[in-house]
Amino acid sequence: MNTVVTSKEEILAASRELIRSQGWSAISIRSVAGACGVSVGSIYNYFDSKADLVSATVESVWCDIFHLPEQEEVFRDTLACVSWIYQRMEYGCRQYPGFFNLHSMGFLGMEKSDGRQRMEQTWQHILNGLGVVLKQDPKVRPDAFDEEFTAEKFADILFSLFLSALLRGDYNPASVLELIRRTVY
C-alpha cells in the first residue's frame with residue numbers, strides 16, 4: 001500500500017480515471033482505494049460514504065468538462081460561447097462515456113441527491129453565464145430583447161437545445177448558431 005497520504009484531488013483524479021476506463025459502476029470506496037494504492041480507510045478520511053465520493057466525483061467531472069476556457073472572447077461572443085459549450089460536451093462524451101446519457105441521470109437519482117444537486121448547480125452556472133454573454137455581446141441587436149423575450153429566456157431556450165443535443169449525442173452546433181444569428185444578431 002501507498003504510505004504517502006493521498007490528497008482529495010488525487011482521489012478524485014483516480015475516480016475520474018475509473019469512470020473513463022470502466023464507467024460509473026466502477027466507482028466504489030474499495031476500487032478507488034485500489035486505484036490510489038491506499039487503504040479503504042484513507043478514502044474515508046476524505047469521504048464519509050460512497051454517496052459522498054460519487055457526489056464529489058460528479059462535481060469533479062463537471063468541472064473537468066466545463067473548466068474556464070483559456071480564450072476570454074468566449075465570454076464576449078455568443079457564437080463563440082455556444083461553440084465552446086458544444087466542444088466541451090463532445091469532450092465530456094469522449095472522456096466520460098455515459099456521463100450525459102439517461103442512464104447517468106438515473107444513476108444520479110434519488111439516492112444520489114447530492115450528486116444531482118451538484119449537477120444542477122453546474123447547469124445553472126452555465127445557464128447564467130450564457131445570459132451574461134448574451135447581454136454583453138456587442139453583436140446582439142439593441143432591440144433583440146424586451147420584457148417578453150429576455151436574454152435569460154433566450155439563454156434558457158439555448159440551454160434546452162444543449163440538453164437535447166446531449167441526449168442525441170449531436171455535437172454539431174451549426175443549427176443553433178444559425179438560430180442565434182437569425183434571432184438576435
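**Arg182 and Glu178.** I started with this pair in the predicted model, and found their side chains meeting in a salt bridge, 2.8 Å from N to O. Both residues sit in helix H9 (residues 174–184). Four residues separate Arg182 from Glu178, about one turn of the helix. Next I looked up accessibility: Arg182 has a relative accessible area of 67%, so I noted Arg182 as exposed. Glu178 comes out at 30%, so Glu178 goes down as partly exposed.

**Arg141 and Asp143.** Here I found another salt bridge between side chains, with 3.0 Å from N to O. Is Asp143 buried or exposed? Its relative accessibility is 56%, and over 50% counts as exposed, so Asp143 is exposed. Arg141 has 30% relative accessibility, which means Arg141 is partly exposed.

**Arg20 and Asp64.** My next stop was the salt bridge between Arg20 and Asp64, where the closest N and O atoms are 3.5 Å apart. This pair links distant parts of the chain, 44 residues apart. I traced Arg20 to helix H1 (residues 8–22) and Asp64 to helix H4 (residues 50–65). Arg20 has 26% relative accessibility; that lies between the 20% and 50% cut-offs, so I wrote Arg20 down as partly exposed.

**Tally.** Finally, I checked how many salt bridges the structure holds. There are eight. A friendly reminder to myself: side chains of opposite charge can pair when their charged atoms come close.

Methods:
Residues numbered from 1 in each chain as written. Predicted model: local features only at pLDDT ≥ 70, side-chain atom pairs only at ≥ 80, totals over all residues. Heavy atoms only, no water. Salt bridge = Lys/Arg side-chain N within 4 Å of Asp/Glu carboxyl O. Helix = DSSP H or I, 4+ residues; strand = E, 2+ residues; numbered from the N terminus. Buried < 20%, exposed > 50% of the residue type's maximum accessible area, 1.4 Å probe, protein only.
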